[in-house]
Amino acid sequence: MRSGITSQGRRALGEEVRIRRADARDAKRLTRLVRTSRSYEGPYAPMVAGYRVGHDYVETHRVFAAVGETTGRLLGFYALILDPPELDLMFVADDAQGAGLGRLLIGHLKDEAHAAGLAEVRIVSHPPAEAFYTSVGARRAGTVRAAPPAVMWDRPELLLAVA
């Protein structure tokens with residue numbers, strides 16, 4: 001599948017973006033994107049410090065990577081779990097944020113979920129990302145309580161309609 005982003009996004013990134021199925025060779029780059037995300041600085045840093053997106057995870061789940069068409073640079077990715085339907089991971093490179101890439105990934109996720117026959121997808125959001133998810137149509141469904149020591153803070157639970 002070939003997907004472009006808005007003209008604003010092309011200017012910000014300098015190239016077209018393609019979303020493709022990730023494969024095991026992408027695992028190290030996906031892990032690096034997670035671990036270096038500025039969204040997880042400060043009190044959130046321990047959450048991703050040792051996080052690893054393994055080749056087995058990529059091969060087992062529907063993981064899609066947004067890459068620069070000419071450079072092949074990884075700009076973002078998401079992982080869709082089908083049963084039960086959930087957005088497990090979604091990250092956009094720090095310097096690519098604000099260029100429409102997150103919206104492009106959500107649009108792709110909705111297409112994938114629809115093709116899989118899903119009506120909605122659950123999102124347990126990183127607290128600072130809640131506003132983004134509501135801006136793309138997700139609605140607040142509740143709160144997932146902290147589960148120390150893995151997660152030290154409550155997180156918003158949202159539902160994203162697919163159709």
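These legends describe close-up views of a predicted model.

**View 1. A salt bridge joins E69 and R18.**
The side chains of E69 and R18 meet at 3.8 Å, N to O. This is a salt bridge, and the structure holds 11 of them. The two partners come from distant parts of the chain, 51 residues apart. E69 sits in the loop between β2 (62-68) and β3 (74-82). R18 belongs to strand β1 (residues 17-21). E69 has 31% relative accessibility, so E69 counts as partly exposed. R18 has 29%, so R18 also counts as partly exposed.

**View 2. D95 pairs with R73 across two loops.**
The closest N and O atoms of this salt bridge are 2.5 Å apart. D95 lies in the loop between β4 (85-92) and α5 (101-115). R73 lies in the loop between β2 and β3. The pair therefore ties together parts that are 22 residues apart in sequence. R73 is partly exposed, at 34%.

**View 3. R145 and D154 form a salt bridge.**
Their closest N and O atoms are 2.7 Å apart. R145 is exposed, with a relative accessible area of 56%. The cut-off for exposed is over 50%. D154 is partly exposed, with a relative accessible area of 36%.

**View 4. R20, D26 and R29 make a salt-bridge network.**
Salt bridges link these three residues in a network. R20 and R29 are arginines, and D26 is an aspartate.

Several elements each supply at least two lining residues: α3 (45-48), β4, α5, β5 (120-124) and α6 (130-135). Strand β4 gives the most, with 7 residues. By type, the lining divides into 20 nonpolar, 8 polar and 4 charged residues.

Helix α2 spans residues 27-35. Its buried residues are A27, L30, T31, L33 and V34. Seen down the helix axis, these residues fall within an arc of 160 degrees, so they line one face of α2. An α-helix has 3.6 residues a turn, so residues three or four places apart point the same way. What covers the buried residues of α2? The cover includes the helices α3 and α4 (55-60). It also includes the strands β2, β3 and β4.

**View 5. Y51 contacts residues from elsewhere in the chain.**
Y51 has its place in the loop between α3 and α4. Its relative accessible area is 28%, so Y51 is partly exposed. Neighbours within four places in sequence are left aside here. Beyond them, Y51 is in contact with T31, V34, R35 and L89. T31 and V34 are among the buried residues of helix α2. For scale, the C-alpha atoms of Y51 and G100 are separated by 26 Å. Y51 and G100 are 49 residues apart along the chain.

**View 6. E112 is a buried residue of helix α5.**
E112 has its place in helix α5. Is E112 buried or exposed? E112 has 18% relative accessibility, so E112 counts as buried. The cut-off for buried is under 20%. E112 touches R62, F64, Y78 and L80.

**View 7. D83 and P84 are joined by a cis peptide bond.**
Omega is about -5 degrees for this bond. P84 lies in the loop between β3 and β4. Most peptide bonds are trans.

**View 8. The bond from P148 to P149 is also cis.**
Here omega is near 5 degrees. Both residues of this bond are prolines. P149 lies in the loop between β6 (139-144) and β7 (155-161).

Technical notes: Residues are numbered from 1 along each chain as its sequence is written. This is a predicted model: local features need pLDDT of at least 70, side-chain atom pairs count only at pLDDT 80 or more; totals for chains, interfaces and linings use all residues. Side-chain values use heavy atoms; hydrogens and water are left out. A salt bridge is a side-chain nitrogen of Lys or Arg within 4 Å of a carboxyl oxygen of Asp or Glu. Helices (H or I, at least four residues) and strands (E, at least two) are DSSP runs, numbered from the N terminus. Buried means under 20% relative accessible area, exposed over 50%, partly exposed in between (1.4 Å probe, protein chains only). Ala, Val, Leu, Ile, Met, Phe, Trp, Tyr, Cys and Pro count as nonpolar, Asp, Glu, Lys and Arg as charged, and the others, Gly among them, as polar. The arc is that of the directions from the helix axis to the C-beta atoms. Contact means heavy atoms within 4.5 Å.
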